[in-house]
Amino acid sequence: LAGLCVLIHGAAGTGKSRLIAELVARRAALGRATRVTTAAASPASRLAPFATVIDLYQAALGVPPARGRVARAQVVQRLAHMLTRADIPAEHARAITTDLDRAMELRDGAGVGAREPADLRPRISAGLATFRTVITSRERPSLVVVEDIHLADAASLEVLRHTLAMPAQGAELLVLTARPEGAPPPAVDHVLTLGDLAGADLRALIADRLDDAATATARQDSGDRGR
């Protein structure tokens, strides 16, 4: 299993964010190179289509979570550069950046009254799946955190559901946090409800899952090269 998606589920104040912080700190203390990307939905996210997905892109690209024409151009430029470096075909890369730019315009309310194209969500899903393979490598495991997924907008939830249905190409742990209220989260491999386990045991379990994913991928990579 190269990738793993875990949902940490619990009421407000049960320590979901603290658990994530401790997980990241543990990885750093072990000296293991891990690409960490964190994003969070907010009450305002529900009113802005694709807001959570765009926040995830901006975090992964190292772009501040800003809005407006300048911010959109910065995201598009940085994404295009990353896709080019990863040898994604130029036409495919251009389609991904164009679709994301359109999604950012909708989020920002540019062109008031403009309707979302019927096929934009599937295209954003496919683009995010490609981006996911670009930022996840066999040598450097990826830890992606999306907090408060229960606050995400409907478009982002649909995109995440489609994207997570596609297998990861490298060692990846995706961690979602959610409260009991709100829309149902995307399907995941494991649900960890706070209160079922003591804190130390829960932290160890999540960290071990990431190690398992990285080890399994490394073994698969070695086997492929040995053929």
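Trainee: What should I know about the model before I start?

Mentor: Residues are numbered from 1 along each chain as its sequence is written, and side-chain values use heavy atoms, with hydrogens and water left out. The model is predicted, so local features need pLDDT of at least 70 and side-chain atom pairs count only at pLDDT 80 or more, while totals for chains, interfaces and linings use all residues.

Trainee: How are two packed helices described?

Mentor: Two packed helices are described by the angle between their axes and the distance between the axes. Helices are DSSP runs of H or I with at least four residues, strands are runs of E with at least two, and both are numbered from the N terminus. Axes are lines fitted to C-alpha atoms, for helices over the stretch in contact, and angles run from 0 to 180 degrees between N-to-C directions. Here the axes of α2 and α5 come within 12 Å and cross at roughly 25°.

Trainee: Which word describes how α2 and α5 lie to each other?

Mentor: Angles under 35 degrees count as roughly parallel, over 145 as roughly antiparallel, 65 to 115 as roughly perpendicular and the rest as oblique. The helices α2 and α5 are therefore roughly parallel to each other. Their contact (heavy atoms within 4.5 Å) is made by Val53, Tyr57, Ala60 and Leu61 of α2 with Ile124, Gly127, Leu128, Phe131 and Ile135 of α5.

Trainee: At what angle do α4 and α5 cross?

Mentor: The axes of α4 (residues 90-108) and α5 (residues 120-135) cross at roughly 125° and come within 9 Å, and these two helices are therefore oblique to each other. Among the residues that meet there are His92 and Ile96 in α4 and Thr130 in α5.

Trainee: Is Thr130 buried or exposed?

Mentor: Buried means under 20% relative accessible area, exposed over 50% and partly exposed in between, with a 1.4 Å probe and protein chains only. Thr130 has a relative accessible area of 14%, so this residue is buried. Leaving aside neighbours within four places in sequence, Thr130 is in contact with Ile88, His92 and Ile96.

Trainee: What joins the side chains of Thr130 and His92?

Mentor: A polar contact is a pair of N or O atoms within 3.5 Å; within protein, one must be able to donate a hydrogen and the other to accept it, and residues adjacent in sequence count only if both atoms are side-chain atoms. The side chains of Thr130 and His92 are joined by such a contact, of 3.2 Å.

Trainee: How many residues of α2 are buried?

Mentor: Helix α2 (residues 51-61) is mostly covered, with 9 of its 11 residues buried.
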